[in-house]
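Let's take a walk through this structure together, one piece at a time. Have the picture open as you read.

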Amino acid sequence: MVSEDVLRTHLQELRRGTVVVASLVALRRPDYGYALLQRLTDHGFPVDANTLYPLLRRLEDQGLLTSEWNTEESRPRKFYRTSDEGESMLDRLLDDLAAVQTSITGLIQGVDR
C-alpha cells in the first residue's frame, strides 16, 4: 500500500504545473490574490498563499499577467489579469495538456492489468 506521504508528494507534483494553467484561466476575469486563492480552492486547486503570491509575481514578470492597484476601497488591492501574451501561452498549455491526457488515455487503454 502506498503511504499517504508518498501520495501527497506525487499529487503536489501533478498539481504544480496545473496551477499555472488554472491561474491563467481564472484571471481572464480580473481578481486579487486572496479571491484567486479561494476561487482556485473552490474549483479543486488548493494552493498555499506562500506558493500563489510568488507565482503571480513570476507570471507578471514573464508578461503573462498584468496588474493594477485598486485604491478605491478602504484597503488597496492589487488586481491581476491574464495578458494577451498570457492568453497565447494558455492556448499552448491547454493544447499540450489535452495531448498529455490523450497519451495517458492511450496508455491506460493499451495496458492489460
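Start at Ser83, which touches Gly63, Leu64, Leu65 and Thr66, leaving aside residues up to four places away in sequence. Keep in mind that this is a predicted model. You'll find Ser83 in the loop between E3 and helix H4 (84-110). Is Ser83 buried or exposed? Its relative accessibility is 6%, and since buried means under 20%, Ser83 counts as buried. Its side chain also has a polar atom 3.0 Å from the backbone nitrogen of Gly86.

One of the residues Ser83 touches, Leu65, takes us into the sheet: Leu65 stands opposite Thr82 in E3. E2 and E3 pair in the antiparallel sense, over six bridges.

Now for helix H2 (residues 33-42), whose buried residues are Gly33, Ala35, Leu36, Leu37, Arg39 and Leu40. What covers them? The cover includes helix H1 (4-26), strand E1 (31-32), helix H3 (49-61) and strand E3 (77-82). Just after H2, look for Gly44, which takes a positive phi of about 90°.

Finally, a label from a record: an unreviewed UniProt entry lists residues 27-91 as "domain: Transcription regulator PadR N-terminal". Over that stretch the chain is 48% helix and 22% strand, and its end C-alpha atoms are 14 Å apart.

Key:
Residues numbered from 1 in each chain as written. Predicted model: local features only at pLDDT ≥ 70, side-chain atom pairs only at ≥ 80, totals over all residues. Heavy atoms only, no water. Buried < 20%, exposed > 50% of the residue type's maximum accessible area, 1.4 Å probe, protein only. Helix = DSSP H or I, 4+ residues; strand = E, 2+ residues; numbered from the N terminus. Contact = heavy atoms within 4.5 Å. Polar contact = N/O pair within 3.5 Å; in protein donor to acceptor, adjacent residues only side chain to side chain. UniProt positions renumbered as here; feature names shortened; annotations may be inferred. Pairing = 2+ DSSP bridges.
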